[in-house]
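I opened a new notebook page for this one. Here is what I looked up, in the order I went.

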Amino acid sequence: GAHGLPLIGTGDWNDGMNAVGVAGRGESSWLGWFLLAAIAALAPVAEQRGDGERARRWRDHADTLRQALAQAWDGAWYRRGYYDDGTPLGSAQNDECRIDTIAQSWSVMAGADDPATIDRERATQAMASVDRLLVDHADQVAKLFTPPFDGGPQNPGYIKGYPPGVRENGGQYTHGAIWSIFAWAGLGDGDRAGDLFSLLNPIHHSASAEAVQRYKVEPYVVCADVYAEPPHVGRGGWTWYTGSAAWLYRAGL
């Protein structure tokens with residue numbers, strides 16, 4: 001795309017953002033971080049198969065992509081991407097979806113195979129922004145992004161059809177929230193990684209009768225989502241549905 005980032009098309013990890021790049025010009029910084037991780041994992045496989053030229057081409061692209069991702073820095077966190085018309089997504093200048101957690105966590109996870117490639121100063125600042133703006137420690141909710149989409153002028157896609165604070169629309173979408181545990185561990189902050197693991201652990205949502213009445217779902221299952229806006233803050237959403245359990249298990253290990 002125009003900013004050197006991968007095109008988002010009709011959705012990346014967050015398929016609810018299916019209108020961000022529907023015209024073929026929208027971009028995703030998260031997809032850029034994910035592509036770096038994929039190249040780091042697969043380039044050695046190409047070399048093992050005797051295809052050194054392919055591995056070299058991939059790594060050259062990775063170097064260029066890192067420069068583009070550096071330009072997605074928004075001052076205290078990374079932007080999530082850009083709409084078709086070039087309007088930033090996940091930026092401090094946005095009224096809705098000002099900060100999105102997965103663009104921050106993957107700025108660390110993309111360097112898991114080569115920590116020297118992580119901009120630790122920015123990644124640390126980005127994750128501090130996640131902790132400050134997205135993690136509600138009192139109510140035990142780690143939001144995917146904030147504020148939710150509601151009445152703003154931008155149309156990110158069907159995600160805007162969910163009520164504010166429900167599922168991907170600014171709720172805790174647990175799959176994405178868990179990646180922050182990996183990011184804190186990657187930065188060497190075991191205390192924050194452990195605290196977030198405890199916050200996301202469903203058994204801790206049933207520590208009292210009051211908590212059970214608020215959470216309302218099985219405390220032995222990882223929820224796909226937890227609601228984050230009044231009057232349903234802390235209420236569990238879909239269970240027995242999500243790959244989040246596998247991610248949380250890996251995070252615990």
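Predicted model: local features only at pLDDT ≥ 70, side-chain atom pairs only at ≥ 80, totals over all residues.

**Entry 1, a network.** Asp12, Arg80 and Asp100 are linked in a network of salt bridges. Within it, I found the closest N and O atoms of arginine 80 and aspartate 12 to be 2.8 Å apart. This pair joins distant parts of the chain, 68 residues apart: aspartate 12 lies in the segment before strand E1, and arginine 80 in the loop between H2 and strand E2. Both arginine 80 and aspartate 12 are buried.

My count came to 12 salt bridges. One of them pairs aspartate 51 with arginine 54, again with a closest N to O distance of 2.8 Å. Is aspartate 51 buried or partly exposed? I found it partly exposed, because its relative accessible area is 25%. Glutamate 168 and arginine 167 also meet, at 3.9 Å. Glutamate 168 counts as buried because its relative accessibility is 4%.

I then looked for nonpolar side chains packed together. The largest nonpolar core has 56 residues, and Phe149, Trp179, Ile181 and Leu200 have the most contacts inside it. H5 gives the most to this core, with 6 residues.

Last, I checked a helix length. The 14 residues of H4 should span 20 Å, and the end C-alpha atoms are 20 Å apart, so the two agree. Its buried residues include Ala123, Met127 and Val130. The buried residues of H4 pack against several elements, including helix H3 and helix H6.

Key: Residues numbered from 1 in each chain as written. Heavy atoms only, no water. Helix = DSSP H or I, 4+ residues; strand = E, 2+ residues; numbered from the N terminus. Expected span 1.5 Å × (residues − 1). Buried < 20%, exposed > 50% of the residue type's maximum accessible area, 1.4 Å probe, protein only. Contact = heavy atoms within 4.5 Å. Core = buried A, V, L, I, M, F, W, Y, C linked by side-chain atoms within 4.5 Å. Salt bridge = Lys/Arg side-chain N within 4 Å of Asp/Glu carboxyl O.
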